[in-house]
Amino acid sequence: MERAIFLRNPNKLHLLPRHYSPRNFFSLFSSSSKSARSSSFTRRILHRPISPLTPRSLLLPRRCRFLPLSDTTYSSSFHFNKHHFSSASPHAIATQCSPGVSTLPDEVAAKYGFEKVSEEFIGECKSKAVLFKHKKTGAEVMSVSNDDENKVFGIVFRTPPKDSTGIPHILEHSVLCGSRKYPLKEPFVELLKGSLHTFLNAFTYPDRTCYPVASTNTKDFYNLVDVYLDAVFFPKCMEDHHTFQQEGWHFELNNPSEEISYKGVVFNEMKGVYSQPDNILGRTAQLALFPDNTYGVDSGGDPKVIPKLTFEQFKEFHGKYYHPSNARIWFYGDDDPTERLRILSEYLDMFDASSASNESRIEQQKFFSEPVRIVEKYPAGDGSDLKKKHMVCLNWLLADKPLDLETELTLGFLDHLMLGTPASPLTKILLDSGLGDAIVGSGVEDELLQPQFSIGLKGVSKEDIEKVEELVMGTLKKLAEEGFETDAVEASMNTIEFSLRENNTGSFPRGLSLMLQSISKWIYDMDPFEPLKYEKPLMALKARIAEEGSKAVFSPLIEKFILNNPHCVTIEMQPDPEKASRDEAAERKIFGETLRSVPSLSLLDIPKEPVHIPTEAGDINGVKVLKHDLFTNDVLYAEIVFNMRSLKQELLPLVPLFCQSLLEMGTKDLTFVQLNQLIGRKTGGISVYPFTSSVQGSEDPCSHIIARGKAMAGRVEDLFNLVNCILQEVQFTDQQRFKQFVSQSKAGMENRLRGSGHRIAATRMDAKLNVTGWISEQMGGVSYLEFLQALEERVDQDWDGVSSSLEEIRTSLLSKNGCLINMTADGKNLTNSEKYVSKFLDLLPSKSFVEAAAWNARLSPGNEAIVIPTQVNYVGKAANIYDTGYQLNGSAYVISKYISNTWLWDRVRVSGGAYGGFCDLDTHSGVFSFLSYRDPNLLKTLDVYDGTGAFLHQLEMDEDTLSKAIIGTIGDVDSYQLPDAKGYSSLLRYLLGITEEERQKRREEILSTSLKDFKEFGEVIEAVKDKGVTVAVASPDDVDAANKERSNYFDVKKAL
């Protein structure tokens, strides 16, 4: 149930949260980039994060409930991955709160049936934390109080499955489909429509299920808490067999002439998960590492096993585990601690104690006596070159019992040293070897009872499998023997400390990040306070390194936990073009044998004006400078923007690799490893990426390269010196390293096609409708994949030409003329930084005006099917509604969100069995698009899209329903942002010409939306039905069937 932001730029999908372990959770609307169960090593690249916001999000951040995390990372964070540092996570953030937070008297707690177990002031997050226990049931409650307005609630149950029927996952979906107090079909959807939530989701780990919510509005927050408590304890699905069938599985026969089939939201979601090689690898590794406990089955569900789940088992599981005696409950923020206990007592007092907590305990996996090897097959495209499509990953269970905090912290540090950046030795050596295209494995994972470590390569030739294994082991032995460079240790320490001190969780609620830290120990009956306190163990680790040397600290860990550890599972993944058809055949063989009750705010509770971000426009050395005076805890955030419009059209596909090269190649005096370490030591991270958007009312796209960095106030000079070094001194001379970039990018694009086909379809449709879409597709779509395939050969045959093209891009882009600087910090630090900005600008080349290049290409407008080996489809249809004469009105935001939450939800997801369906209006280009995700249908979904206009024409709604729709939209417009995101949003509005007057106008239009607007929009949306282009990423069989039913409806393009 995770909210996502859907992007149409080359760096497209930003989701929250990013810090769950790849194999360790499923969200109801799974947002897992490593898809919750994948072992895909989408390693956090510290100095190359993805751009945080899309242009369309400046007025209305795109919210999609159904999208899984892609291979990108969220928001604007430069943090290292949480897996590296569980107990010292950068998300253990500080709020502006003091030890003076009031303490709840014991007699008040006793009044509501609670006893105080322990109480601490947690300096790292400036919070008063109190652990309570409910006397009657034994439910445990962490009540964390501070000044953070972004309040968080979460209730977590231990839910260990005994088989792979997916019962925890299906139950997580189902409990939010109506409850005792809110007996309607989809209260969750109603909350999406009429709430100011900053987080609203649920997700399933292998051993626990979490239900968190967050809001900055106190009334809204308590509404959300009440709905969630009623949902988990008194769900309607316990008596409603239909919900079980809808969310889990059921037989379906649409036509007597067709074959019977399975449908179900979770069933279909998991078919998609089990179609992706990285996911299959991750699943296989987890099950093999833990053959004897609950982690040896798939809590998300195996499509082959899901249909064995009965309704009786479903009900029994809920009755057993969804009980206060088995619950851990979290409150965080600036609300009244007494009110928290009062609300809880109303629910908990209805229960008696049970044995659930004892029965749900997780058993430890005993160590193997010798290593294990497993060979697994994955579905590959028929006819594609399978020579270099193997994968190999080495996986270790690191301990036979939970580790102490200091050891866990040190392991996390070690993981970052080995794998945390492109310059880290294990990462670099594996990629430099040329034995594979990209890293797989997620390094250290520590969110389960026992930690694991995994590393390997994909894109490997069969004959090189053994070489990869030998290289991994040989590199680890060498690191144990020789240790790490001093500069690397210093860079890692600075990176980790910076992340801890900066306290930046992006738009992800800080309190939820803390909850997930605490629960990682609390759920196993350990101290819930301990994971929040990083200061003492971090200082102890620094002191130990200083006293003993890093080799004495880290080498014994490599030897003990990896080199001399017999509990190792090596997974070899082999491509099999027949596997998908065999799986389908096996499945066919099996076939043959009330709305007002939901609380919401009123329009009177909604501010009439948009959130204002302080912006001062000035000038330094003739260059425009935007400054945002905001409290940032002594951090300066800076963006340097260069116009990309003078770049030749044929060089556009090379831009993403150009950006990567700037950060991952060396200079004349520094190797890329030394440069990477220098960035880690001196700054909080630097990134370079392209930004492209349509501009409303203009045919010309807004297209820029943005260099983005951050540093503590005392390191601002270092930050700008390093940005200058990256932009002007990096040399494009390392042919083999560049070839690695190409191979990695190609592997990433292939994975994106399989796992995020909706993004590929969206980009492709945009490319058929406008120039901006075409540019984005050249840098991140099927055309980009084709470019990479050709570039692999060109790098070998014409490296001088490629290197020259990279240099030409730099010459074209870098200029003081047309440059723009954006800075976010408090006033004093902004002023102090100006002299460093001036020096930086003086070093930029000055060029006379260069005329913009002619970018006027589009893809052919026909309907297109991108064919890949998959069991599910991604179906899109789009048209430019501005071409019909439509003039943008803020009501369109409300209407498109309403269509997604009602018509598409009911027809594409509930009735159609897809994991998700949604629509989106890009207000800058005018493109209105429909998309589905992990969809078992194709033409049937297109028929639903085409029926949207009729749905709006016939729509009737009362004032309450309309108010909820408006409020939910305002919740998106006013999405919670930390200071860096505020400054960045303001920058993008400036680039796109969005004024404060326009923002106010759109807000007023949103607030005044009427039923008449819905019906009039129904006429506008008919353009998609009548003139829209269709792109589907789909299976060959479904495309063949569609082209037979509607003669040659699709032009077919084979992508894999």
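Start by selecting helix H28 and helix H29 (residues 939–946), which pack at an angle of about 165 degrees with their axes 10 Å apart. This is a predicted model, in which local features need pLDDT of at least 70 and side-chain atom pairs count only at pLDDT 80 or more, while totals for chains, interfaces and linings use all residues. Residues are numbered from 1 along each chain as its sequence is written, and side-chain values use heavy atoms, with hydrogens and water left out.

Helices here are DSSP runs (H or I, at least four residues), numbered from the N terminus. Axes are lines fitted to C-alpha atoms, for helices over the stretch in contact, and angles run from 0 to 180 degrees between N-to-C directions.

H28 and H29 are therefore roughly antiparallel to each other (the term covers angles over 145 degrees). Their crossing is right-handed, meaning that the near helix is turned clockwise from the far one by less than a right angle. To see the contact (heavy atoms within 4.5 Å), show Trp903, Leu904, Arg907, Val908 and Ser911 of H28 with Lys940, Thr941, Val944 and Tyr945 of H29. These residues divide into 5 nonpolar, 2 polar and 2 charged. Nonpolar takes in Ala, Val, Leu, Ile, Met, Phe, Trp, Tyr, Cys and Pro; charged takes in Asp, Glu, Lys and Arg; the others, Gly among them, are polar.

Stay on H28, which spans residues 891–911, and pick Ser900. Ser900 counts as buried because its relative accessibility is 6% (buried is under 20% relative accessible area, with a 1.4 Å probe and protein chains only). The Ser900 side chain reaches the backbone nitrogen of Cys919 at 2.9 Å.

Next, select helix H16 (residues 535–548) and helix H17 (residues 550–563), whose axes come within 6 Å and cross at roughly 110 degrees. H16 and H17 are therefore roughly perpendicular to each other (65 to 115 degrees). Display Leu541, Arg544, Ile545 and Glu548 in H16, which meet Ser550, Ala552, Val553 and Phe554 in H17. This contact divides into 5 nonpolar, 1 polar and 2 charged residues.

Last, go to helix H19 (residues 655–664) and helix H22 (residues 735–755), where the axes come within 11 Å and cross at roughly 130 degrees. The crossing of H19 and H22 is right-handed. Leu657, Gln660, Ser661 and Glu664 of H19 make the contact with Arg737, Phe738, Phe741, Val742, Gln744 and Ser745 of H22. The residues here divide into 4 nonpolar, 4 polar and 2 charged.

Definitions and conventions: Helix = DSSP H or I, 4+ residues; strand = E, 2+ residues; numbered from the N terminus. Buried < 20%, exposed > 50% of the residue type's maximum accessible area, 1.4 Å probe, protein only. Polar contact = N/O pair within 3.5 Å; in protein donor to acceptor, adjacent residues only side chain to side chain. Parallel < 35°, antiparallel > 145°, perpendicular 65-115°, else oblique.
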